[in-house]
Amino acid sequence: MKHPSRVMSIAGSAAGGSAGIQADLKTFQELDVYGMSIITAIVGRHPETNKNVHAVSIEAIEAQFATAIKQVGVDGLKTGMLFSKEVIETVAGLLKRSGVERIVVDPVMIGKMNSKLLEDDAIEALKTKLIPLATIITPNVPEASVLLEDRPLHTIEDLQKAAVDLHQLGAPNVLVKGGRLKGPAIDVLYDGETITTYEAPRIDTVHTSGAGCSYSAAIAANLTKGLPVKEAVRRAKSYVTTAIEHGFSYTEIVGPTYHAAERKYGEAYKIKIDTLQ
Ligand code: PXL
């Protein structure tokens with residue numbers, strides 16, 4: 001039997017199971033890659049102290065990485081919530097030394113419920129130390145705006161220009177996700193030569209917790225299976241759109257996307273693709 005490709009997520013733990021490491025591992029399983037996890041922080045709000053982000057030591061992060069590499073090895077990975085400058089610098093060092101190719105950097109900054117998932121003084125390290133190691137970065141609109149010195153982004157043309165300008169940071173592929181704009185959910189990929197837009201219909205739901213995590217995890221899984229970047233993004237967008245279509249809520253809180261949706265129900269929508277030279 002050919003073994004499944006090995007994909008690692010370096011990200012935060014989201015206790016509710018909809019986002020972070022939990023979303024990544026569910027996505028990896030659905031896409032038939034072997035998932036591993038390096039937990040960088042633990043997110044869960046304490047009912048009395050209100051503290052939401054609980055640190056994981058640098059030693060523990062290094063230990064997890066070394067163990068996964070030794071026990072299994074890695075063919076590709078994604079990074080999600082890294083929280084601090086120190087964690088970003090540590091992860092960048094580990095990635096450099098390990099020589100892993102196929103790296104998706106999801107520059108996670110703020111959660112859907114407004115949790116702060118990246119400290120302000122970590123932005124520079126993200127830009128200068130981690131993003132240059134990435135095969136592809138996947139900012140949403142607020143993240144792209146922060147990476148561009150708080151540039152306002154409102155239209156698809158703004159996203160196209162943002163993708164071209166973010167390419168300067170050193171990642172060969174930039175995917176700016178327009179899900180937070182009005183109208184259809186349009187994402188823009190720039191690979192240094194061509195702008196490709198991916199369009200899915202807007203789905204009328206609030207149950208999208210972890211959609212960004214699952215999208216970048218699906219891209220990492222697809223790249224690791226050997227798909228070219230454009231096809232890896234198309235299939236990942238289709239996967240996450242179907243997961244959003246079937247999103248649900250157990251409580252009154254913004255609910256999870258349904259990771260098994262594509263397997264159970266098939267592709268919900270065809271992703272429309274356009275290319276500009
Ligand atoms: O959805 C962004 C996100 C990423 N990572 C972790 C999170 C969240 C949102 O809450 O908790 C760990």
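Buried here means under 20% relative accessible area, with exposed over 50% and partly exposed in between, using a 1.4 Å probe and protein chains only. Helices are DSSP runs of H or I, at least four residues, numbered from the N terminus.

This is a predicted model: local features need pLDDT of at least 70, side-chain atom pairs count only at pLDDT 80 or more, and totals for chains, interfaces and linings use all residues. Residues are numbered from 1 along each chain as its sequence is written, and side-chain values use heavy atoms, without hydrogens or water.

Start with helix α8, residues 229-245. Twelve of its 17 residues are buried, so the rest of the structure largely encloses α8. Among them are Val-229, Ala-232, Val-233 and Ala-236. Lys-237 is buried too. What about length? At 1.5 Å times one less than its number of residues, α8 should span 24 Å, and its end C-alpha atoms are 24 Å apart, which agrees.

Next, the cores. A nonpolar core is a set of buried Ala, Val, Leu, Ile, Met, Phe, Trp, Tyr and Cys residues joined through side-chain atoms within 4.5 Å. The largest has 47 residues; Met-8, Ile-10, Leu-126 and Leu-130 have the most contacts inside it. Helix α3, residues 85-98, gives the most to this core: six residues. A second, separate core has 28 residues, including Phe-28, Val-33, Val-104 and Val-233.

Now Met-8. Contact means heavy atoms within 4.5 Å. Leaving aside neighbours within four places in sequence, Met-8 is in contact with residues including Phe-28, Met-36, Ile-38 and Phe-65. Lys-78 is another of its contacts.

How values were computed:
Helix = DSSP H or I, 4+ residues; strand = E, 2+ residues; numbered from the N terminus.
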